[in-house]
Amino acid sequence: MSKRLEGKVALVTGGTSGIGAGTVERLAAEGAKVIFTGSNEAAAQKLCAATGARFEKHNVTDAAAWGPLIDRILEEHGRLDIAFANAGIEAGDGSVEDITIEAWNNIMGVNLTGAMLTVQHAMRAMARNPDGPTGSIIVNSSMNAHRAMGNFVAYSVSKSAVLALVKSSAVHAGNQKYKIRVNAVLPGVVETAMIKNLIDKSGDPEATRAAYEGLSPMGRMATVEEIAGLVAWLASDEARFSSGSEFTMDGASTAGMNGV
Amino acid sequence: MSDLGSQRLQGRVALVSGGLRGIGLACVERFLAEGAEVVITDLDAPDSELATSTVERLGQAASYVQANVTKSEDWERARATVAERHGKLHILVNNAGTDLTGPVESLTDGDWRRIMSINVDGVFMGTRAFVPMMAESGKDFKGGASIINVSSIMGLVGMSEVSAYNATKGAVRMFTKGIAVEFAEKKMPIRANSLHPGFVVTPLLAQGFQRWVDSGVAEKAQDLVDMVAGKTPIGRLADPSELASAVYFLASEDSSYMTGAELVVDGGWTAQ
């Protein structure tokens, strides 16, 4: 692994599992100092031991706790270069006819408001970097931003909404003459522990797995490492002219006519 | 910091059309820095000053084949040369392109057919020539072989007096999605993605700006550069190396699940 991110400080929300954990590993392997947030302390301890990253127990929707979290990062490292707004949920989601207002507010709170708070606090911190306002913010959207699922209305809407968050934030950074870039990643189905669990618990695991795999013409799901590689590229100076854009990594799932 | 010089493309063979200038040349230089062998094609004669001095400067891992991307016999010659010299191809960058500006009612049949031929036929013919070879070579590495078709932000959004160029770059974008789905469904180890540069400091851009100056759109080319920089959220034009780093990502195994996608490198132009 090359050390593209040596000297950079990174924050990953929802970093204790799935794409978040994979990204913590990748960013650390490329030389970044990584701070990640989440709620699962047992999983966090293992990841800290394996990567040297540091864990902060924090819920992205807790607006009041964001200031102190950023202060601790700046006190320890003096800067913030990379933020990956990754925390997301889908628990309680349903169709537009069925979803409860509680589930809707909960999912929007984490996936949309949580992402906004992440971008907001990351940009405020990056704007104060000692060598001037520089940094790379990456928001985890989904291919569902463009191909909605009928039984996941809140998830689909939230993942589409964060694209406008990314674009508005990128344009704002430009208006302020900040060298802070903001981009979205749109993964296809990723073989995370959460998806594996869904497969195992379904009535027919083999058929469920085949259905997920079949969403991509490639006939397989993405690995966590593949998405982490895209995030690392966007985090690095290799992507220094990209901002306000959508980076789809879905094995051509949305390039064709099938949708999801 | 970047991966520059990490040698992560060691063992790969790449072909870049239009590789003597601009974004193409930057891709060639980046591939060489990562340890790949590179075949350059362009219109210049093999014994021209530019072709000979470029290959000499780049060293033994680079070679040159004269080829007009609109001629299938030229692509066949390029394919035969790659087959003989390397026996394989892992990375194909269909980069050669031209531009055309002017009110739509002023464009001649010849203008239209010329740009369609270079920007669209060229991408199709390059792909067709190398797919069988790449389907074999793609088995060599994780992530398979990679085709990168250079479209433009003008393949995503329209611009006044750029309609013909818009049409060609939109065609490249959809051609790329079509072949991406085709290769994936057939389990062929070839990925295909489109690159969408914004305004990049290249000889082609300089020529285009000069034409606008000559036609009275602006007083001098620098005024156009300043205008474009001012309209770009990042506040400047791109250097070709900043596109080459995206092409490098698409060529590397880090993009192994990326196919049929669009890599936009435009300094925020299309986010506004």
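This is a predicted model: local features need pLDDT of at least 70, side-chain atom pairs count only at pLDDT 80 or more; totals for chains, interfaces and linings use all residues.
**Where the chains meet**

Let us start with the interface. Chain A brings 40 residues to the contact and chain B brings 44. Between them the two chains bury about 3,300 Å², and 59% of that area lies on carbon and sulfur atoms. The rule finds 14 residue pairs in polar contact across this interface, both residues being at pLDDT 80 or more. On the chain B side, at least two residues each come from helix 5 (163-185), helix 8 (240-251) and strand 7 (262-265). Helix 8 of chain B gives the most to that side, with six residues. Sorted by class, the side of chain B that touches chain A has 19 nonpolar, twelve polar and 13 charged residues.

**Salt bridges**

Side chains of opposite charge can pair when their charged atoms come close. Over all chains the count comes to 31 salt bridges, and three are found across the interface of chain B and chain A.

| Pair | Closest N and O atoms |
|---|---|
| R26(A) and D254(B) | 2.7 Å |
| R79(A) and D81(A) | 2.7 Å |
| E76(B) and R79(B) | 2.9 Å |
| K186(B) and E182(B) | 3.8 Å |

R26(A) and D254(B) also belong to a network of salt bridges, which links them with R4(A), E30(A), E238(A), R8(B), R30(B) and E34(B).

The surroundings of the other pairs are worth a look. Both R79(A) and D81(A) are buried. In chain B, E76(B) is partly exposed at 40% relative accessibility, and R79(B) is partly exposed at 26%. These two residues are separated by about one helical turn because they sit three residues apart in helix 3 (residues 72-85) of chain B.

**A histidine in a loop, and the cysteines**

H58(A) is placed in the loop between strand 3 (54-57) and helix 3 (63-77) of chain A. Is H58(A) buried or exposed? With a relative accessibility of 9%, H58(A) counts as buried, because the cut-off is under 20%. Leaving aside residues up to four places away in sequence, H58(A) touches T37(A), G38(A), A65(A), W66(A) and L69(A).

Finally, the structure holds zero disulfides over all chains. Among its cysteines, C48(A) is buried with a relative accessible area of 16%, and C27(B) is buried at 0% relative accessibility.

Notes:
Residues are numbered from 1 along each chain as its sequence is written. Chains are lettered from A and ligands numbered from 1 in the order in which they are written. Side-chain values use heavy atoms; hydrogens and water are left out. A disulfide is a pair of cysteine sulfur atoms within 2.5 Å. Buried means under 20% relative accessible area, exposed over 50%, partly exposed in between (1.4 Å probe, protein chains only). Contact means heavy atoms within 4.5 Å. Buried area is the accessible area (1.4 Å probe) that two parts lose on being put together, summed over both. A salt bridge is a side-chain nitrogen of Lys or Arg within 4 Å of a carboxyl oxygen of Asp or Glu. A polar contact is a pair of N or O atoms within 3.5 Å; within protein, one must be able to donate a hydrogen and the other to accept it, and residues adjacent in sequence count only if both atoms are side-chain atoms. Helices (H or I, at least four residues) and strands (E, at least two) are DSSP runs, numbered from the N terminus. Ala, Val, Leu, Ile, Met, Phe, Trp, Tyr, Cys and Pro count as nonpolar, Asp, Glu, Lys and Arg as charged, and the others, Gly among them, as polar.
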